[in-house]
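Subject: Structure for your files

Hello,

Here is the structure I said I would send.

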Amino acid sequence: MNTSGATPRKTRILALLWHSPYEFIVAGGFRRTQEILKRIPDDVQIYAIDSSPTMLAETTSGNLKVVEYGFPQSIRRLDKKCFVQMRLVEWALAMMSIIYICFRLKIGGEQFDSIYVPSSEIIPALVAGLIAKSLFGARLILCNTNIEFYPHSVRRFLAYLHSMSDQVITLSSDLEQSLRRNGVKAPIVLNTVGLDLDLITRSISGSDNRKSYEAVFVGRHDQGKGIFDLVKAWGKLTESLPEARLVTIGISTPDYAKRLERLIAELGLGKRIILSGVVDEVTKLRIIKESKVCLFPSYIEGWGIVPQEALACGLPVVVYDLPVYRENIKPCESVFAVPVGDIEAFAMKALELLSNELYNRYEEVGPEFVRRFDWAGVASAEFEILTGGSHKAQGVVADE
């Protein structure tokens, strides 16, 4: 108890961020960062270094200060012509920018108790975090939301860098095993992902249950998220339901966009698939609610926010049978898992749910099931880790 009358000292945390300006609204890892930093405890001060425009603009906590760094507009304009090369240039500039701001803070006399990299699979933030750890003599806490989308050699290198941290947070036992397989030696703590059920309720309130689309997909439009499997499955489904419409939401690189458009044209699905691109959060949730079924044939998931959001909106969900779902949504009777890569089974399960309006049976099941996923508990557990407290709220320490 403080009897001196002095204001108790806050734990000071330096958060190092980078995000794509095109995708952070719908990307799960970035959403997790946003939701956690909306819930900063009174005894914690966060100093965040983030790329411009910051994804924390709507976070109004007085305990959060954001410093943004930017890039020449020429990089953004060249993205469509040479995406990979420009992304590498942007990452190099991001790393230098974050490190420069850290040195400026050090020279200015700033001190921090912990360095926090909430998406440590992002290489510039990870490398800058290691330098900041040495610079400020602070604990380095990394949160890795996925590592499997990198080539094996890159995964091993990232695992080596993660092993130099004081602690690694990850989202599931499946991801913890992945990190260990790739060589991470640092202590690993599990802390999951939540849902903003209040936002979902507000976004879809007033809906008249009108269904504009037979199915919806949300996520990056790339191989890892199963976008090509989805299109092929939709081609099979429309053989039986020729008027069925699929709507997709999410970012696509120029290269993937061309491949996707070519496949849609080859299968004659131009009028049966609507590509919405990136939309704001409320629009995304309303589109989900206006759909009958959520289709999510992702091959790589750290947790899977999209299926949970669809369940919250009353949709049944068809997914590939990934191990991570056994830790969260698979027990829900609105979730239908088929063997990974089995496009025929995926299409047939979707067709079964759409036939005779079977999807209506699950309207109340999903919302009741996802009540257990709450951002408040996730944020509380995260700050227990960041402040060095005992991890009581939601996560558990994984075996080394």
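Please keep in mind that this is a predicted model. I start with the strands. Ile 13 has Ser 114 in E4 as its bridge partner. That contact belongs to the pairing of strand E1 with strand E4 (residues 114-117), where the two run parallel and are joined by 3 bridges. E1 also pairs with strand E2 (residues 44-51), again in the parallel sense, over 6 bridges. Within E2, Ala 48 stands opposite Ala 15. E1 itself covers residues 11-16 and is mostly covered, with 5 of its 6 residues buried.

Next, the cavities. How many of 30 Å³ or more turn up in a search of the whole structure? The search finds 2.

The largest cavity holds about 50 Å³ of space. Its lining includes Leu 16, Leu 17 and Trp 18, along with Phe 30, Met 55 and Ile 122. Val 117, Pro 118 and Ser 119 are also among the lining residues. By class, this lining has 9 nonpolar residues, 1 polar residue and no charged ones.

The second largest cavity has about 30 Å³ of space. Arg 31, Leu 195, Asp 196, Leu 199, Ile 200, Glu 281, Leu 285 and Glu 309 line it. Helix H7 (197-204) and helix H10 (281-289) are the elements that each give two or more residues to this lining. Its residues divide into 4 nonpolar and 4 charged, with no polar ones.

Regards

How values were computed:
Residues numbered from 1 in each chain as written. Predicted model: local features only at pLDDT ≥ 70, side-chain atom pairs only at ≥ 80, totals over all residues. Heavy atoms only, no water. 1 Å grid on protein atoms, 1.4 Å probe; cavity = no way out; pocket = protein on both sides within 12 Å on 5 of 7 lines; lining within 4 Å. Points joined across faces, edges and corners; volume = space filled by probe spheres on them. Nonpolar A, V, L, I, M, F, W, Y, C, P; charged D, E, K, R; others polar. Helix = DSSP H or I, 4+ residues; strand = E, 2+ residues; numbered from the N terminus. Buried < 20%, exposed > 50% of the residue type's maximum accessible area, 1.4 Å probe, protein only. Pairing = 2+ DSSP bridges.
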